[in-house]
Amino acid sequence: QVQLEESGGGLVQAGGSLRLSCAASGIIFSIHIMGWYRQAPEKQRELVATITSDGNTDYADSVKGRFTISRDNAKNTVYLQMNSLKPEDTDVYYCSARVRTGSFNVKAYWGQGTQVTVSS
């Protein structure tokens, strides 16, 4: 079993910054891709940013130039540095990791979500 534990959410004023962290633990052979998604009530979960084990990144257009995703492979941890936050960034942010737990076992896991609220 794999657990993803998120931290770093909170309340910030527009223009401010927050840093989210997500640590994976459990039986982990390797993690190819880790990422952050966000979801507002009654809306679909949307991709924010992803990063592969060799550092290739992808971002939603709405966060390019403001958010930076990074990871520490030794710690199985992914980070999301969020700068120049806007009220429309207010959402629950979820960490995701595609984890290999055995020779033939690969599965996507999700964190429990962390609230980010940006006040205007």
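View 1. The model is predicted, so to speak of a local feature requires a pLDDT of at least 70, and side-chain atom pairs count only at pLDDT 80 or more, while totals for chains, interfaces and linings use all residues. Residues are numbered from 1 along each chain as its sequence is written, and side-chain values use heavy atoms, with hydrogens and water left out. Tyr-59 belongs to strand 6, residues 57–59, where strands (E, at least two residues) and helices (H or I, at least four) are DSSP runs numbered from the N terminus. Its side chain reaches the backbone nitrogen of Ile-69 at 2.9 Å; a polar contact is a pair of N or O atoms within 3.5 Å, and within protein one atom must be able to donate a hydrogen and the other to accept it, while residues adjacent in sequence count only if both atoms are side-chain atoms. Leaving aside residues up to four places away in sequence, Tyr-59 touches Leu-47, Val-48, Ala-49, Lys-64, Phe-67, Thr-68 and Ile-69, contact being heavy atoms within 4.5 Å. The C-alpha atoms of Tyr-59 and Val-48 are separated by 5.8 Å, although the two residues are 11 apart along the chain.

**View 2. Arg-71, buried without a salt bridge.** Arg-71 lies in strand 7, which spans residues 67–72. This residue is buried yet has no salt bridge, and Asp-54, the nearest side chain of opposite charge, is 7.3 Å away. A salt bridge would need a side-chain nitrogen of Lys or Arg within 4 Å of a carboxyl oxygen of Asp or Glu; as for charge, Lys and Arg count as positive and Asp and Glu as negative, with His and the chain ends not counted. The side chain of Arg-71 instead reaches the backbone oxygen of Ile-31 at 2.8 Å and the backbone oxygen of His-32 at 3.1 Å. Among the residues that Arg-71 touches, not counting those up to four places away in sequence, are Ile-33, Met-34, Ile-51 and Tyr-79.

View 3. The strands follow the order 1-3-8-7, with antiparallel pairing, and two strands pair if DSSP finds at least two bridges between them. Strand 1 (2–7) and strand 7 are the edge strands, each of which pairs on one side only. Strand 3 (residues 18–26) and strand 8 run antiparallel and are joined by 6 bridges, and Ala-23 stands opposite Thr-77 in strand 8.

**View 4. Two loop residues with positive phi.** Asn-76, in the loop between strand 7 and strand 8 (77–82), has a positive phi of about 50° although it is not a glycine. Asn-76 is partly exposed, with a relative accessible area of 22%. Ser-84, in the loop between strand 8 and strand 9 (91–100), also is a residue other than glycine with a positive phi, near 50°, and Ser-84 is partly exposed at 41% relative accessible area.

**View 5. Thr-114 in strand 11.** Thr-114 is found in strand 11, residues 114–119, and is buried, with a relative accessible area of 11%. A polar atom of its side chain lies 3.4 Å from the backbone nitrogen of Gly-9.

Terms used
Buried means under 20% relative accessible area, exposed over 50%, partly exposed in between (1.4 Å probe, protein chains only).
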